[in-house]
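Keep the structure open beside you as you read.

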Amino acid sequence: MTAAPRWMSCARIAGAVLLLSCLATSAGAADIDWAEVESQATEFLSAYIQIDTSNPPGNETAAARFLADRFRQAGIETDVFESAPGRGSVLARIKGTGGLRPIIFLNHLDVVPATPEGWDLPPFSGTVRDGYVYGRGAIDCKGPGTIEAMAVLLLKRQGIALKRDVIFLGTADEETGGKLGAGWMVAEHFKDLRHAEFLLNEGGSVRLRADGSRAYEIAVSEKTPCWLKLETTGVPGHGSSPPPETAVTRLIRGLDRVRGYEAPLRVTPEVQTYYAALAATLQGERRERFKDLRAALADADFRRAFLQDPHDAALVRNTITPTVLNGSQKTNVIPYAASAELDCRLLPGEDPEVFVRTLKDTIGDPEVTVRVLLNFPPTSSPSATAFTAAVRALAEGEGAPVVPSVLTGFTDSHYFREKGIASYGFVPFDLSEDEERREHGVNERVSTHNLREGTRRLMDLLQRLDVEAQHDEQAQSKTR
Ligand SMILES: [Zn+2]
């Protein structure tokens, strides 16, 4: 998995030739003024950040209209949809010449809330300083939305003809689960999306490591939430004369048993592939061990060390995180009811019903009920498609490896994967750990260089995608 086999390099060379001929025929791509693109994208993102779409409440319609105005001014067919008052999503489409199915650029319009405390600059100012655009959403997800919008605007402006339609879809409500955004669009307006072959979403990036190495991470799979509520009741009363058992003591006992439960380790095929690809980018012992994680985990010392890292641990087992606790509101009052919420995340391929049953058995008390608050089927996308081949070709051009990754969190991709659209998490920004930490944190920012390079890579990717699909067709006709 580390280096491309030799025949692949030949295909790559053929691809490069094809790509050059493509670029030559669509004269528009060659004469793009990238410095101008950088300044336009910077202005775009700065204005976009200033539209406060903190969710809750969202108010995404203002952002949807902002984007729609830019698209319509350029003569691009655009619609704004509202799932509820103020909860707008925007869909714009650049028509292809036909022959290939569309690609969707999915991004979300809402952001997580931000208060000015801890920020060097007001979070909704969109300040441009020292080569960075600052503000809530710079990385998640208005920066990605900006480069996707820039790519769509450039296709139109430069008259670049692709075979597939490019659909820009900016949705509401991602940060609270997407029911009023991506989920609603799939439920109510799927006719506009159903032909799509691929979807590009947030979730991966060009990861910059402390040692200066880079890797293209594409998220092909994600864990699925199984959020649970534990509830129990008991005799209420005065705290000064407690009965032997109350709702609170019962709940605590149940929670303690959950705490003691150790979820079994399981290395899914996606996770095995992820670590094998990662191995190629590492040095030392981990390079050897990660090549076959399943085998490596059989070694107790390695396993112990591996599970120390919360991210690594979360990729090889279901996790159970107690978060919300509810009992009495007063120190001297024994409540009638007590409850707790668990943020559980399941590996791809897990059966939620089996998981819940295991947890109930672990609690071992029928008086503690377990209710599912949120769950959807775990989904993955194939890691060898024309899309991933196009990303691979793009990465090879920069001498960087490609790592198909699995997310421990979840994105709106599941709505589309459930409908059979191959969906990938990949934002072509170079991101260091420091920059990623700012996401949902303070001083979130993106460099103007990333806005320029991100747009350039997206344009490159779209054009390579035409070429890669051509390879696919040729390969298929040969095998037929
Ligand atoms: Zn996001």
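Start at D130, which sits in the loop between β4 and β5. This is a predicted model, so treat every angle and distance below as computed from it. Most residues other than glycine have a negative phi.

Now look at the strands on either side of that loop. β4 and β5 (residues 132-134) run antiparallel and are paired over two bridges, with V128 standing opposite V133 of β5. They belong to an open sheet of three strands, ordered β4-β5-β17 with antiparallel pairing. The edges are β4 (128-129) and β17 (445-447), each of which pairs on one side only.

Is H440 buried, exposed or partly exposed? It is partly exposed, since 15 other C-beta atoms lie within 10 Å of H440.

There is also a hairpin to visit, made by β1 and β2. Strand β1 (residues 77-82) pairs with strand β2 (residues 88-94) in the antiparallel sense, over six bridges. E82 has G88 of β2 as its bridge partner. Five residues lie between the two strands, and in this hairpin G86 takes a positive phi near 85°.

Next comes an open sheet of four strands, in the order β11-β13-β9-β14 and with antiparallel pairing. Here β11 (319-326) and β14 (369-375) are the edge strands, each pairing on one side only. From one strand to the next, the twist averages 25°. Helix α12 (residues 352-363) packs on this sheet and touches β9, β13 and β14; the direction of α12 makes about 150° with that of β14. Within the sheet, strand β9 (residues 224-233) and strand β13 (residues 337-346) run antiparallel and are joined by ten bridges.

On to the helices. How do α2 and α4 meet? The axes of α2 (residues 34-49) and α4 (residues 142-158) come within 10 Å and cross at roughly 135°, so the two helices are oblique to each other. The crossing of α2 past α4 is right-handed. On the α2 side the contact is made by V37, Q40, A41, F44, L45, Y48 and I49, and on the α4 side by K142, G143, T146, I147, A149 and M150. Sorted by class, that contact has nine nonpolar, three polar and one charged residues.

The loop between α2 and α3 (60-73) is where you'll find P56, and P57 lies in that loop as well. A cis peptide bond joins N55 and P56, with omega about 0°. The bond from P56 to P57 is cis too, with omega near 5°. Most peptide bonds are trans.

Finally, go to D460 in helix α16 (residues 448-479). D460 is partly exposed, because 19 other C-beta atoms lie within 10 Å and a buried residue needs 20 or more. The C-alpha atoms of D460 and A151 are separated by 9.7 Å, although the two residues are 309 residues apart along the chain.

Methods
Residues are numbered from 1 along each chain as its sequence is written. This is a predicted model: local features need pLDDT of at least 70, side-chain atom pairs count only at pLDDT 80 or more; totals for chains, interfaces and linings use all residues. Axes are lines fitted to C-alpha atoms, for helices over the stretch in contact, and angles run from 0 to 180 degrees between N-to-C directions. Angles under 35 degrees count as roughly parallel, over 145 as roughly antiparallel, 65 to 115 as roughly perpendicular and the rest as oblique. A crossing is left-handed if the near helix is turned anticlockwise from the far one by less than a right angle, and right-handed if clockwise. Two residues are in contact if their C-beta atoms, placed from the backbone, lie within 7 Å. Ala, Val, Leu, Ile, Met, Phe, Trp, Tyr, Cys and Pro count as nonpolar, Asp, Glu, Lys and Arg as charged, and the others, Gly among them, as polar. A residue is buried if 20 or more other C-beta atoms lie within 10 Å of its own, exposed if 12 or fewer, and partly exposed in between; C-beta atoms are placed from the backbone. Two strands pair if DSSP finds at least two bridges between them.
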